[in-house]
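Trainee: I would like to go through this model term by term. Please set each value against its definition.

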Amino acid sequence: MKPIFTLNELISALSQSSKDNYKTIFKNLVLDKNVLDEYLNWSTKKYVRNGIYKSDNFELILLCWEVGQETPIHCHSGEECWMYLIEGEIEEVQYQKHENGDVEPKGIRKIANQQQAYINDAIGLHKLKNNSKGRTISLHLYAKPIESCSYFDEQSKTFIKKNLSYDTYKGEILSSKRVSSI
């Protein structure tokens, strides 16, 4: 498979393939930040979920992170997720959920520029954090689209289900639907 340099090439390759080939497709990504300019949107309050493309089989979301922004501990509601880091550095902490509902860290890794990561619920829960000294940009591929997930509320020590939404879609700000990210 040849390298993939544009979003159109990526969307075309994913659309013409099955989930079994998504890993190979993602391994061939060579995306430059400049091809994503129209999707970049930032907030000082939280990381921003910028929807790029959504079909019945997959969805692409570009996350824009200011320094120190992070997700809570969360699952993926049975879906698979591949992440490609465009710029910056992400720290991923993976967790194991015990039958009594407690969560326990089981590993930490750093994901840097042009590196990839993969997670599903069989691997465990995770938490992502922009651990760099500047902004971070990560591209996430979900197969199938993820409409909701459960996140761990560290204060109440319980899981809370949350319907997910975009802050922007195809570059357009969705201010009426803007809600906090998980």
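Mentor: Start with cavities. On a 1 Å grid over the protein atoms alone, a cavity is a set of points where a 1.4 Å probe fits but cannot get out, and lining residues have an atom within 4 Å of a point. Grid points are joined across faces, edges and corners, and a volume is the space filled by probe spheres set on the points. This is a predicted model: local features need pLDDT of at least 70, side-chain atom pairs count only at pLDDT 80 or more, and totals for chains, interfaces and linings use all residues. Residues are numbered from 1 along each chain as its sequence is written, and side-chain values use heavy atoms, without hydrogens and water.

Trainee: How many cavities of 30 Å³ or more does the structure hold?

Mentor: Three. Two or more lining residues come from each of β3 (80-87), β6 (116-119) and β7. Strands here are DSSP runs (E, at least two residues), and helices are runs of H or I with at least four, numbered from the N terminus.

Trainee: What makes β3 and β6 a pair?

Mentor: Two strands pair if DSSP finds at least two bridges between them. β3 and β6 have four, in the antiparallel sense.

Trainee: Why is β6 called an edge strand?

Mentor: β6 pairs on one side only, and so does β12 (172-173). They belong to an open sheet of seven strands, in the order β6-β3-β8-β2-β1-β11-β12, with mixed pairing.

Trainee: Which order do the strands of the three-stranded sheet have?

Mentor: β5-β4-β7, open and antiparallel. Its edges are β5 (103-112) and β7 (125-130). β4 (residues 89-97) pairs with β5 over nine bridges. E91 has K110 as its bridge partner in β5, and E89 stands opposite A112. β4 and β5 form a hairpin with five residues between them. In that turn, G101 has a positive phi of about 95°.

Trainee: How many aromatic pairs are there?

Mentor: The rule takes rings of Phe, Tyr and Trp (its six-membered ring) with centres within 6.5 Å; planes under 30 degrees apart count as stacked, over 60 as edge-to-face and the rest as tilted. By this rule there are eight pairs.

Trainee: Why is the pair of Y22 and F58 called edge-to-face?

Mentor: The centres are 6.0 Å apart and the planes stand at 75°, so the pair is edge-to-face. Y22 is in helix α2 (residues 22-27), and F58 is in the loop between β1 (48-54) and β2 (59-65), 36 residues apart. Ring pairs also link Y22, Y53, F58, W82 and Y118 into a cluster.

Trainee: What makes Y47 and W65 stacked?

Mentor: Their planes are 25° apart, with 4.7 Å centre to centre. Y47 lies in the loop between α2 and β1, W65 in strand β2, 18 residues apart.

Trainee: How do you know whether Y47 is buried or exposed?

Mentor: Buried means under 20% relative accessible area, exposed over 50%, partly exposed in between (1.4 Å probe, protein chains only). Y47 has 4%, so Y47 is buried. W65 has 0%, so W65 is buried. Y22 and F58 are buried too.

Trainee: What sits over the ring of F159?

Mentor: The charged end of K97, 4.3 Å from the ring centre. The rule asks for NZ of Lys or CZ of Arg within 6 Å of the ring centre and within 35 degrees of the ring normal. R135 lies over the face of W42, at 4.1 Å.

Key: On a 1 Å grid over the protein atoms alone, a cavity is a set of points where a 1.4 Å probe fits but cannot get out, and a pocket is an open set with protein on both sides within 12 Å along at least five of seven lines; lining residues have an atom within 4 Å of a point.
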